[in-house]
Amino acid sequence: AAIVWHDTGHSGDPCNSCNLNWAYGDLLGQMIQQAGPTLNPLTLENGMIANKYSRGGWEATGHDPTKSLELFGPGDYTALSDFREVYWDASATSDIDGKKGAYVSLNGGRRYRQGEIGGDLSAIPVSPS
């Protein structure tokens, strides 16, 4: 988002949450490109599945908690294919807007695919009474 912001003549940085919107636009562009010259639902599906589109993920990004795993497969059109554990802390300062109240990652922001995490909830902090 910052590259586009600067390329269009703006100074400073765009809003802290602008990268989320940019990520969706980037994915849409990738999907259209994979569909080829005849854009319709079937060519889009075939392009994303046949080309085994995949981006991001815990290992591939060097353990970057901000980069989700995106991939598609037969019957799987959601793209987002991993998650991280978080909890809400009303006293934490948000990295997005600098205000009080933020989600705090557990386990260093570790991202997991389905089936990779156990049922242990010991890392969740206990709120003081």
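These notebook entries record what I looked up in a predicted model.

**Entry 1. Ground rules**

I number residues from 1 along each chain as its sequence is written, and I use heavy atoms for side-chain values, with hydrogens and water left out.

**Entry 2. Salt bridges**

I recall that side chains of opposite charge can pair when their charged atoms come close. I took a salt bridge to be a side-chain nitrogen of Lys or Arg within 4 Å of a carboxyl oxygen of Asp or Glu. The count by this rule is five salt bridges.

I began with D26 and R55, whose side chains meet in a salt bridge at 2.6 Å, N to O. D26 belongs to helix α2 and R55 to strand β1, so this pair links distant parts of the chain, 29 residues apart. I read helices (H or I, at least four residues) and strands (E, at least two) as DSSP runs, numbered from the N terminus. For accessibility I call a residue buried under 20% relative accessible area, exposed over 50% and partly exposed in between, with a 1.4 Å probe and protein chains only. D26 is partly exposed at 26% relative accessibility, and R55 is partly exposed at 30%.

R55 also forms a salt bridge with E70, at 3.0 Å, N to O. Since R55 lies in strand β1 and E70 in strand β2, this pair ties together parts that are 15 residues apart in sequence. E70 is buried, at 11% relative accessibility. I noted that D26, R55 and E70 are linked in a network of salt bridges.

I then listed the contacts of E70, taking contact as heavy atoms within 4.5 Å. Leaving aside neighbours within four places in sequence, E70 touches L27, Y53, S54, R55, A79 and L80.

I next examined D82 and R111, whose side chains meet in a salt bridge at 3.0 Å, N to O. D82 sits in the loop between β2 and β3 and R111 in strand β6, so the pair ties together parts that are 29 residues apart in sequence. Both D82 and R111 are buried.

**Entry 3. Aromatic pairs**

I paired rings of Phe, Tyr and Trp (its six-membered ring) if their centres lie within 6.5 Å, calling planes under 30 degrees apart stacked, over 60 edge-to-face and the rest tilted. The count by this rule is two aromatic pairs.

The ring centres of F83 and Y112 are 5.8 Å apart and their planes stand at 35 degrees, so I recorded this pair as tilted. F83 lies in strand β3 (residues 83-84) and Y112 in strand β6 (residues 111-112), so the pair ties together parts that are 29 residues apart in sequence. F83 is partly exposed at 34% relative accessibility, whereas Y112 is buried at 11%.

W88 and Y103 form an edge-to-face pair, 5.0 Å centre to centre with 70 degrees between the planes. W88 is in strand β4 (residues 86-93) and Y103 in strand β5 (residues 100-105), and the pair links distant parts of the chain, 15 residues apart. Both W88 and Y103 are exposed.

**Entry 4. The largest pocket**

On a 1 Å grid over the protein atoms alone, I took a pocket as an open set of points where a 1.4 Å probe fits, with protein on both sides within 12 Å along at least five of seven lines; lining residues have an atom within 4 Å of a point. Grid points are joined across faces, edges and corners, and a volume is the space filled by probe spheres set on the points.

I found a volume of about 1300 Å³ for the largest pocket. Its lining has 37 residues, and L20, P65, T66, K67 and R84 lie nearest its centre. The elements giving two or more residues to this lining are α2 (18-35), β3, β4 and β5. The largest share, seven residues, comes from α2.

I sorted the lining into 16 nonpolar, 13 polar and eight charged residues. Here Ala, Val, Leu, Ile, Met, Phe, Trp, Tyr, Cys and Pro count as nonpolar, Asp, Glu, Lys and Arg as charged, and the others, Gly among them, as polar.

**Entry 5. H63**

I located H63 in the loop between β1 (54-55) and β2 (70-71). H63 is partly exposed, with a relative accessible area of 40%. H63 and G108 are 45 residues apart in sequence and 9.1 Å apart in space, C-alpha to C-alpha.

Notes
Predicted model: local features only at pLDDT ≥ 70, side-chain atom pairs only at ≥ 80, totals over all residues.
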